[in-house]
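Here are a few notes to read with the model open beside you. Take the points one at a time and find each residue as you go.

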Amino acid sequence: MKKICLSVGLLLSLMKFGYAQSSEKPAYEKRKLKVEEINLVSSYYQQDGNNSAVTGGIGSEKLTDLAQSFDLVLKTTDRRNRQHTLAFDFNIDHYTSASSDKIDPLTVSSASRSDTHVYPSISWNVHNDEKRTTKGMSFAYSTEYDYKSYGINLNWAKASADNNREVSLKAGAFFDTWTVILPAELRPDGYGSGAHGDTDPVDHKPRNSYNLSLSLSQVINKRLQLLFTVEPAVQQGLLSTPFHRIYFKDGSETVERLPGSRLKLPIGLRLHYFAGDRVILRTFYRYYIDDWGMQAHTINLEAPIKLTSFVSVSPFYRFSHQTAVRYFAPYGQHALTDRYFTSDYDISGFNSQFLGTGLRMAPPGGLFGIGHWQSIELRYGHYIRSTGMVANNITLLAKLK
């Protein structure tokens, strides 16, 4: 909380500097890149359960994650009156995982007991109001102890003449490299642990992901809007996690093995209903199917309610049901004749619920007398899975304009 307040103060100083410059040179300022929006997000997540994949489907799933996000949006208009938007996004997570510490129980701390995940991105979009089109691209990078990822996305959208309908298309590709970290007792002679200071070699494997997204949005009337999306995706490469243990019926042990490709097809429908000036009903349904045998249904409801002119609450609820992939079996239930096997409960069959609320403040004159500090929101969510896993998440969002 203190870090965010300090960051907000620093950024406001920078914004004031930028605005002060704009007032000195108005003629040039029309085409100058301006700060449009700054978003600061801080969140804390913790979970616990008893189905860790690292120990073969049993054992602690206790995990904590502290995340910080900084989002800077800049805008300008070119000589053809097209609006350019440049967005920088920087995210950093630090987590601790009790189950990852079991990768190498002979050491005090294994390679992934705690880790820091850094993932910045940059995007550029151009909106042509005359042609009613928006097109752009983005680049992303992500790194963690045992993987690195590079991503590129392209997007295009066109609105109808009355701006009540829009078709958009997105395409993305991500190229990952994973370090193959094995459980201590299953490493061949001379194979490294992947830990700092261990000079023995370890393997590295690729994982590539390609995705498309086609969406159609339509304003039905002044109260109702809908959005339909189809988002096929395919993954290739190392799709298993090598430090996930598998225990067979006879008590023998190996590591998780999954096919080298996976085709996914999510289909979604979103409806927003504006029930007067104070209430919005936001609903979303998503159907998912893949070629590993998993199917899932997810329903999400959220109802932002304006309590006063600048205070609102947003209770939300999400229910999800998914079937297991055909390669899943619990601890000690896999047969030696199986070709693929996993005891990862994230891809098992279960029901889950996620419920909570948000509290948002957006006074007209800014928060605490700071005009550019437009809003602040606190959100809390509680997650329950039918397998017994429970999680809590609290997030603080600050927006400056």
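1. Start with Asp78, which forms a salt bridge with Arg82, their closest N and O atoms being 2.8 Å apart. (A salt bridge here is a side-chain nitrogen of Lys or Arg within 4 Å of a carboxyl oxygen of Asp or Glu.) Asp78 counts as buried, at 17% relative accessibility; buried means under 20% relative accessible area, exposed over 50%, and partly exposed in between, with a 1.4 Å probe and protein chains only.

2. A quick word on the source: this is a predicted model, where local features need pLDDT of at least 70, side-chain atom pairs count only at pLDDT 80 or more, and totals for chains, interfaces and linings use all residues. Residues are numbered from 1 along each chain as its sequence is written, and side-chain values use heavy atoms, leaving out hydrogens and water.

3. The structure holds eight salt bridges. In one of them, the side chains of Glu37 and Lys399 meet at 2.9 Å, N to O. Glu37 sits in strand S1 and Lys399 in strand S22, so this pair ties together parts 362 residues apart in sequence. (Strands are DSSP runs of E, at least two residues, numbered from the N terminus.) Glu37 is buried at 18%, while Lys399 is partly exposed at 21%.

4. Now look at Asp290 and Arg262, whose side chains meet in a salt bridge at 2.7 Å, N to O. Both are buried.

Conventions: Helices (H or I, at least four residues) and strands (E, at least two) are DSSP runs, numbered from the N terminus.
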